[in-house]
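Reader: I have the coordinates open and would like to go through them. Can you take my questions as they come?

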Amino acid sequence: MNSVWTIAEQSKGKLKAVSFELLSRGRLLADKMNAELCSVLLGSAVSDSALQEFIQRGADVVYFVDSVRLEHFIVETHSNVLTDLIREYKPHTILAAATSSGRTLMPHVAITVKTGLTADCTELDIEDGTNHLLQTRPAIGGNIMATIKTPNHSPQMATVRPKSSRPLPQDATRTGKIIRLPLKDEMVDSRVQVLGYRTDKADFSNIEEAEVVVAGGRGMKKAENFALLKTLAEKLGAVVGGSRDAVDRGWITYPYQIGLSGKTISPRLYIGAGISGAIQHLAGIKTAECIVAINSDPEANIFDLADFGLVGDLFAILPKLNARLDRYAKEGK
Amino acid sequence: MNIIIPIKQVPETSNVKMDKETGTMIRDGVETVINPLDLYAIELGIRLKEEHGGKITVCTMGPPSASKALKEAIAMGCDAGVLISDRKFAGADTWATSYTLSEAIKIIGDYDLVIAGERATDGDTGQVGPGIAAWLNLPLATYVSKVDTINQNSITVERLVEDGYQILKLPLPALITVVKEVGVPRLPTLRGKKKARATNVPVFSTENMNLDHSCIGLKGSPTRVVKIDYPKVSRAGKIMKVDGDDGVDSAVEELLEFLIRRQLL
C-alpha cells in the first residue's frame, strides 16, 4: 500500500501545530490514493499522549525515532535518519513544513535520495492515473503560479507553508499504530554542535504563525509611530510586521519583514498601514484570508489586493480604530 | 580564509509590469541583476576577507551574459569569477543546478567556506544551497544572520529559527546560507570596476568539467514544470475614501462591521 508521510516538528518535547496542518493536507492526498497516512517524528521526550494526537488528527501510523541526540535540529543527522527510513519503508509521498528546519532538511534529503522537491507549495493534489503529486507554488515574485511534477523519481517530496491549512479536529475514536524506532549510532553526524539558543525579545513572536498581522510601511514616517500599530496589535491579538522599507529604515527588525526577501504570511487578517504594496510585498501577503489596507494614496497598488481599503490619513484613522476596538471589547458592539 | 560564493543572475522583478488583460508578464526590457539576496552573501564574504585575508571566488551557472553578474561581484570586492555555462545546463531544476555548481566548486577547490544567499527571487525555493552542501558533504547552516567567530578550523554562527536564533558551531570547510541581517551590501567602487574589467573570467563547460550528463540540464532534472498560470491580482474589495473627522468615524465603523461580518474579531 502506498503511504503519505508528513514530517512532524517538535520543540522541547512539545509538538508544533504545523505537524497537524500537514496531516490535513496529507489526509486529502492519502484518501485519493487509498494510501496510509503517517507522521514521522525525529525528536526526544515526547509523551505517548502527545503521539496519540497525531492519530486523533488523521494519521494512521506514527514513526517516532526517539533519542536525545535528535532533540536539536542538526540537518546532517536528521537527514541521515530520514534517508535511512525512506530506503527502508519507501513512502510514496513526503510532505514537510516550509519552516527553517523543513526548508533545510528536505533539499538535503532530496539530493541523497535522488528525487525532486518543490518548496513552499500552496496547493497539492494527486494526478489521476499516475498518482503523481501535483505541486503548485508561486514564482517570479508571485507573478505566476507554477504547477510542478516529479514524473520519474521517488518519493514525491514537497514543502508546504505553515498556516496554509487548518489541522483536522481531534477525533478520539480514531485508532492507529505508534512505532518507536531507535536511533542507529551510525546515523549521528557529530561534526556540528548546537551551542545554544537566543531570543532577542522576551516575547519573540513568530509572524508566520500569527492569525492576525498588522504591518507598517514608509507611510508610518518614523519608528515612534509604530506604537500605534503595537496598540492595534494588542487589541487584535496580532503580531506587528513591516515592509522592506520599514526594516531598511530600522523601524522594525528583519524577522518581522514581510515580502519576497522576508517572510511570506497567511494570516486570517492582515492590516497594512502606510504600505503602498510593491509587488514584492504583495507576494508576501497574497494568501492572507483577508487584507485591509490604509493608505493616503488612492493609486497605491495594495488597494488592488485589498478586501477592504481606506484611502485616508492613517494618523487620523488608527487612533480612532484603536479607540473603537476598545469600546467593542467593553460593550460587545 | 578562502571563500567561494555561488550567485545567480535573475530578472529584476520589482519593476515587472503585468499585462492587465492577459495577466502575463511583460518581459520586454526586463533587466537582469544579481539575485538581491546573493548581495548579502557577497557582503559577508568581503567582510570576512577584510578581517582574515584570503581570496573570494564567485561563480555562477548561466548563459554567457551572466559574466556581467560576476564582474559586478568583483567590483564590490571579490577576487575572481568563474562562469559555468553550457547549452546542456539549460532547463536545470534545483537538483541538477546544485550538482553542477558543486562540481564547479570541487574544481575551483582550496576553500574554507562556501557562502550562498538564502534563495533566489525568481525560483524562490532556497534549495540549491542545502543541495550543494549535500553533494559536497559539507556541514551546513542555513538562514545565518550572524557569524559570531571564525578561525582556521571552525565557524560559529547564529541561525534564524521560528522562535529566535540557534547557535551552531561547524568545522571548516562548511557551507552557510545567509539572510539580510548579516549586513548591508556595499556598492561597487570605481577601483573595483577597473579591477573587474581587467579580470579574466574562465568558463567551465561540459568540455572541461567531468560531469555525469544524466545529472545536468533539463534531462537531469527530477522535477518538471507542467503548467503556468498567471493569477490576476485583484480582490475587488470595498475601497472607501475617508474625508474629515466624520469621515474617519464612519470609515472606522464600516471597517468594524466588515471585520465582524468576516468573523475576524
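**Pockets, cavities and salt bridges**

Author: Start with the second largest pocket: its lining residues divide into 18 nonpolar, 19 polar and 10 charged. Keep in mind that this is a predicted model.

Reader: How much space lies in the second largest pocket?

Author: About 1200 Å³.

Reader: Which residues lie nearest its centre?

Author: Of the 47 lining residues, those nearest the centre of the second largest pocket are Ser243(A), Arg244(A), Asp245(A), Asp248(A) and Lys180(B). Elements giving two or more residues to that lining are helices H6, H7 and H8 of chain A, together with strand S5 and helix H1 of chain B.

Reader: What does Asp245(A) form a salt bridge with?

Author: Arg249(A), with the closest N and O atoms 3.3 Å apart. Asp245(A) is partly exposed, because its relative accessible area is 30%. Arg249(A) is partly exposed as well, at 42%.

Reader: How many salt bridges over all chains?

Author: A search of the whole structure finds 38. One of the pairs is Glu50(B) with Arg186(B), at 2.7 Å from N to O. That pair links distant parts of the chain, 136 residues apart: Glu50(B) is in helix H1 of chain B, and Arg186(B) is in the loop between strand S12 and helix H5.

Reader: Is Glu50(B) buried or exposed?

Author: Exposed, because its relative accessibility is 54% and the cut-off is over 50%. Arg186(B), at 26%, is partly exposed.

Reader: Which residues are linked in a network of salt bridges?

Author: Arg27(A), Asp31(A), Asp60(A) and Arg174(A).

Reader: Now cavities. How many of 30 Å³ or more?

Author: The count is 3. The largest cavity has a volume of about 370 Å³. It is lined by 26 residues, and the closest to its centre are Arg103(A), Glu208(A), Gly262(A), Lys263(A) and Glu118(B).

Reader: What is the lining of the largest cavity by class?

Author: There are 11 nonpolar, 6 polar and 9 charged residues.

Reader: Different topic. What does Ala146(A) touch?

Author: Leaving out residues up to four places away in sequence, Ala146(A) touches Gln135(A), Thr136(A) and Arg137(A), plus Val225(B) and Lys227(B). Ala146(A) is in strand S10 of chain A. It counts as buried because its relative accessibility is 7%, and buried means under 20%.

Reader: And H3 of chain A, how far does it reach?

Author: Helix H3 of chain A has 15 residues and reaches 21 Å from first C-alpha to last, close to the expected 21 Å. Its buried residues include Val75(A), Leu82(A) and Ile86(A). Lys90(A) follows H3(A) and has a positive phi, near 45°.

Key: Residues numbered from 1 in each chain as written. Chains lettered and ligands numbered in written order. Predicted model: local features only at pLDDT ≥ 70, side-chain atom pairs only at ≥ 80, totals over all residues. Heavy atoms only, no water. Helix = DSSP H or I, 4+ residues; strand = E, 2+ residues; numbered from the N terminus. Buried < 20%, exposed > 50% of the residue type's maximum accessible area, 1.4 Å probe, protein only. Contact = heavy atoms within 4.5 Å. 1 Å grid on protein atoms, 1.4 Å probe; cavity = no way out; pocket = protein on both sides within 12 Å on 5 of 7 lines; lining within 4 Å. Points joined across faces, edges and corners; volume = space filled by probe spheres on them. Nonpolar A, V, L, I, M, F, W, Y, C, P; charged D, E, K, R; others polar. Expected span 1.5 Å × (residues − 1). Salt bridge = Lys/Arg side-chain N within 4 Å of Asp/Glu carboxyl O.
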